[in-house]
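Reader: Could you walk me through this one before I start on my own notes? I would like to go topic by topic and follow up as we go.

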Amino acid sequence: MGNSNELSNEARLLMLIIIEKNGSIDDLHDLGYEYFQITMFLKNEITNGNAIFKDGKLLITEQGLIAKNELIKILNIDNT
């Protein structure tokens, strides 16, 4: 999986959760992604409006929360 320059839906969901919860990108690294790829993925989420830098922190936006919820539906994950 680490050779891809695109995130799978599962990995993208994990990325958005990491941003939302201020989690560790090591979870994506453990899936086989290199740190330079993860950085690129983070930049893409910022460019797409799903995350912003505010007061030195990376935060998920309302749009990012909507994207996360859409991915949960697509992946048929029970979010209860």
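**Loops, helices and an aromatic pair**

Author: We can begin with Asn22, which lies in the loop between α1 and α2; please keep in mind throughout that this is a predicted model.

Reader: What is the phi of Asn22?

Author: Phi of Asn22 is near 55 degrees, which is a positive value in a residue other than glycine.

Reader: And is Asn22 buried or exposed?

Author: Asn22 counts as exposed, because its relative accessibility is 67% and the cut-off for that class is over 50%.

Reader: Where is Asp55 found, and what is its phi?

Author: Asp55 is found in the loop between β1 (51–54) and β2 (57–60), and its phi is near 55 degrees, again a positive value in a residue that is not glycine. With a relative accessible area of 73%, Asp55 is exposed.

Reader: Switching to helices: at what angle do the axes of α1 and α4 cross?

Author: The axes of helix α1 (residues 9–21) and helix α4 (residues 62–74) cross at roughly 140 degrees and come within 10 Å, and the crossing in which α1 passes α4 is left-handed.

Reader: Which residues meet there?

Author: From α1 the contact takes in Asn9, Arg12, Leu13, Leu16, Ile17 and Glu20, and these meet Gly64, Leu65, Ala67, Lys68, Leu71, Ile72 and Ile74 in α4.

Reader: How many aromatic pairs does a search of the whole structure find?

Author: The search finds one aromatic pair. It is formed by Tyr33 and Phe41 in an edge-to-face arrangement, with 5.3 Å centre to centre and 90 degrees between the planes, and both Tyr33 and Phe41 are buried.

Reader: What about Tyr35, where is it found and what is it in contact with?

Author: Tyr35 is found in helix α3 (residues 35–47) and, leaving aside its neighbours within four places in sequence, is in contact with Ile25, Asp26 and His29. Tyr35 and Ile25 are 10 residues apart in sequence and 8.3 Å apart in space, C-alpha to C-alpha. As for accessibility, Tyr35 is partly exposed, with a relative accessible area of 38%.

Reader: Last topic, what pLDDT does the protein average?

Author: The protein averages a pLDDT of 90, and 91% of the residues score at least 70. Where pLDDT is low, the predicted coordinates should not be read in detail.

Definitions and conventions: Residues are numbered from 1 along each chain as its sequence is written. This is a predicted model: local features need pLDDT of at least 70, side-chain atom pairs count only at pLDDT 80 or more; totals for chains, interfaces and linings use all residues. Side-chain values use heavy atoms; hydrogens and water are left out. Axes are lines fitted to C-alpha atoms, for helices over the stretch in contact, and angles run from 0 to 180 degrees between N-to-C directions. Helices (H or I, at least four residues) and strands (E, at least two) are DSSP runs, numbered from the N terminus. A crossing is left-handed if the near helix is turned anticlockwise from the far one by less than a right angle, and right-handed if clockwise. Contact means heavy atoms within 4.5 Å. Rings of Phe, Tyr and Trp (its six-membered ring) pair if their centres lie within 6.5 Å; planes under 30 degrees apart count as stacked, over 60 as edge-to-face and the rest as tilted. Buried means under 20% relative accessible area, exposed over 50%, partly exposed in between (1.4 Å probe, protein chains only). pLDDT is the predictor's confidence in each residue, from 0 to 100.
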